[in-house]
Amino acid sequence: MQMQGVRCLPLPSNPDRDLLTIPTNSNPVPTRQRRPRALTIDAGEETPESRIGRLIREHPVVIFARPGCCMCHVMKQLLAAVGSHPSVIEVEEGEIRVFESTGMPALFVGGTPVGGIEGLMGLHLSGRLVPRLRELGVM
């Protein structure tokens with residue numbers, strides 16, 4: 001990767017996360033930059049249920065989905081179109097059982113379960129989505 005005045009090289013120790021940035025001027029001083037990490041639900045000894053509950057409380061708009069879920073992408077696009085950008089948590093196979101009653105993907109707005117794409121579309125078409133997002137301060 002080449003940027004104006006800077007050359008970034010992957011570090012052999014961890015090529016997926018770290019970059020070595022070397023300015024192309026006469027005094028090269030290497031610095032480390034971190035690529036943004038995806039959100040995870042790994043927090044030590046928490047049970048899957050308590051992790052999910054904590055993440056719902058921490059994020060005003062959150063979508064829980066299987067990796068590569070196309071409906072999650074549609075939900076993100078609809079929320080982005082109205083000016084909100086949800087947190088998306090990819091749920092691992094062992095944690096999917098937490099969502100047996102709601103199904104996947106699962107959207108929570110302000111800690112309240114909305115459901116999947118049908119619930120989001122219903123909330124939007126009824127005119128209650130945008131006021132709720134404004135109330136939460138996420139627009």
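These notes go through the predicted model above, point by point.

1. **Ground rules.** This is a predicted model, in which local features need pLDDT of at least 70, side-chain atom pairs count only at pLDDT 80 or more, and totals for chains, interfaces and linings use all residues. Residues are numbered from 1 along each chain as its sequence is written, and side-chain values use heavy atoms, with hydrogens and water left out.

2. **Confidence.** Start with pLDDT, the predictor's confidence in each residue, from 0 to 100. Its mean over the chain is 77. Of the residues, 68% reach 70 or more. Confidence is lowest in strand β1 (residues 2-3), with a mean of 44. It is highest in helix α3 (residues 117-125), at 95. Residues 18-38 have a pLDDT below 50. Beyond near neighbours in sequence, that stretch still shows 45 contacts in the model. A contact means heavy atoms within 4.5 Å.

3. **Overall layout.** The chain has four helices and eight strands. Both are DSSP runs, numbered from the N terminus: helices are H or I, at least four residues, and strands are E, at least two. Along the sequence the pattern reads β-β-β-β-α-β-α-β-β-β-α-α. Of the 139 residues, 31% are buried. Here, buried means under 20% relative accessible area, exposed means over 50%, and partly exposed lies in between (1.4 Å probe, protein chains only). Take the contacts with a separation of 6 or more: residues 24 or more positions apart account for 48% of them.

4. **Strands β5 and β6.** These two pair in the parallel sense, over four bridges. Pairing requires that DSSP finds at least two bridges between two strands. Between them, the chain crosses from β5 through helix α2 (residues 70-81) to β6, and this β-α-β crossover is right-handed. That label applies if, with the strands pointing away from the viewer, the path from the first strand over the helix to the second runs clockwise. Phe64 stands opposite Ile89 in β6. Now look at the two faces of β6. Ser87 and Ile89 make up the covered face. Val88 and Glu90 make up the uncovered one.

5. **His59.** Where does His59 sit? Its place is the loop between α1 (48-58) and β5 (61-65). The side chains of His59 and Ser87 are joined by a polar contact of 3.0 Å. A polar contact is a pair of N or O atoms within 3.5 Å; within protein, one must be able to donate a hydrogen and the other to accept it, and residues adjacent in sequence count only if both atoms are side-chain atoms. Ser87 belongs to the covered face of β6.

6. **Arg97.** This residue is in the loop between β6 (87-90) and β7 (106-109). With a relative accessible area of 44%, Arg97 is partly exposed. Which residues does Arg97 contact, leaving aside neighbours within four places in sequence? They are Pro48 and Glu49. Arg97 and Pro48 are 49 residues apart in sequence, yet 9.1 Å apart in space, C-alpha to C-alpha. With Glu49 there is a side-chain to side-chain polar contact of 2.6 Å.

7. **Cysteines.** The structure holds zero disulfides. A disulfide is a pair of cysteine sulfur atoms within 2.5 Å. For Cys69, the nearest cysteine sulfur is that of Cys72, 5.5 Å away. For Cys72, the nearest is that of Cys69. Buried or partly exposed? Cys69 counts as partly exposed, because its relative accessibility is 21%. Cys72, at 6%, counts as buried.
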